[in-house]
Amino acid sequence: LTHETGLPIVRSRNAPFCRAVEKPAGRPFSELVLEQGMSKEKRIADAKEIAFCKGDIGYGGIVEHINDGVVIIKDGKIVFANRAFCQICRKPLEDVLESEFAKLISPSDRETVTTFCEERTTTDGLRDRIEFTMTRPGEEVLMEMKGNTIQCDGAPALLAALTDITERRRTRVELQRIKDRLASILDSMNDVVVSISPKDHSILAINPSAEALFGVPVRDFSSGKRHVMDFVHPWDVDKVRKYYASLPELEFAELEYRIISNNNVVKWVLDEGRVVYEEKGRVRRLDHVIRDITEAKTIKDRLASILDSMNDVVVSISPKDHSVLGINPSAETLYGIPVRDFGRGKKHVMDFVHPRDLDKVKEFYASLPELEFAQLEYRIINNNRTVKWVLDQGRVVYGQNGRLRRLDHVIRDITEE
């Protein structure tokens, strides 16, 4: 940039001369005679037009309407600024021109930015970008500045473009914070969390808990050397493959199956899978949470064995629709029908309640969620038309989230008693 008679004339290393002047009506730039001793206000008005040597091009079409702030800094002072820069620093153009650029910078970054500007105009091959905090009325904002060296009045100056990156950085920091928190949660989980590609079923990501469950280093999964399917028990391979293949259509599903870890230990796992979509609706990945349920499965099997050997009927009922979720074999002796008829929804324990006791039994069942535990003696008529007295002890079972999970009833034949 060269100053002639007080007017800025632009000349970059790779561009022809440009001169910012006021264009009188009917006169081309090539015929203008520059006036001496123009005031600061006059130069501001002149900055509205730029003329290249081979044609007149309006300044408003090049710099004035871009979103980035554009400044030319010479000897530490701003000798040129566009409208966007004035909006960024929230100052009028007359206060910006010929002001110290360093005064706009936060004291903590002022020395660093000043050094950057000086070195950028004197040394080749240095970085051309810098981030710093700008002070403006009432707040500070984070800026990114990219600078290139040009010639101004025979001396080097810095042509810089500035962008307010405050919101972008805040969003990036927040996303990183969420990502770090999620990674911390995943790393501390006992459950294995694995993401699988819907295209080739390769493992995209897996958390460290996989090492404890499967007995091999996590890097073996990340490198593609091993896959979770490699550890599925041979007797369960077919149903696990069908489960994985059906997940994109089902969107969410779960399956219990066995695995054999690297040290040949058989374990039971609960695999909960769900589909994760992209914004356009395409399947992005398949996420699986695999939990070791060996201990719970063992307890459950033992409990089932105990229930099967009991004389009392043990029945679990849904709190939503009061359907039978499960019932033990003793029901066949008490009610006189196969247990499978309860599981299929053909029969319900309420179907056998004596008509004279039906109202109080319905009231008993309805009040159980509020009472949490209650018992009632009433009569039933089994499939053989035999009237029996029973003691029904009901209790509420809650899930880990505190919500009502099911209603369990132990129904004992007390006819002889």
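Trainee: Is phenylalanine 101 buried or exposed?

Mentor: The model is predicted, so local features need pLDDT of at least 70 and side-chain atom pairs pLDDT 80 or more, whereas totals for chains, interfaces and linings use all residues. Residues are numbered from 1 along each chain as its sequence is written, and side-chain values use heavy atoms, without hydrogens and water. Buried means under 20% relative accessible area, exposed over 50% and partly exposed in between (1.4 Å probe, protein chains only). At 3% relative accessibility, phenylalanine 101 therefore counts as buried.

Trainee: How many residues separate phenylalanine 101 from phenylalanine 132?

Mentor: Helices (H or I, at least four residues) and strands (E, at least two) are DSSP runs, numbered from the N terminus. Phenylalanine 101 is in the loop between α3 and α4, and phenylalanine 132 is in strand β8. The pair links distant parts of the chain, and the separation is 31 residues.

Trainee: What is the relative accessible area of phenylalanine 231?

Mentor: Phenylalanine 231 and phenylalanine 221 form a tilted pair, 6.0 Å centre to centre with 45° between the planes. Phenylalanine 221 lies in helix α7 and phenylalanine 231 in the loop between α7 and α8, so the pair ties together parts 10 residues apart in sequence. Phenylalanine 231 is buried, with a relative accessible area of 2%.

How values were computed:
Rings of Phe, Tyr and Trp (its six-membered ring) pair if their centres lie within 6.5 Å; planes under 30 degrees apart count as stacked, over 60 as edge-to-face and the rest as tilted.
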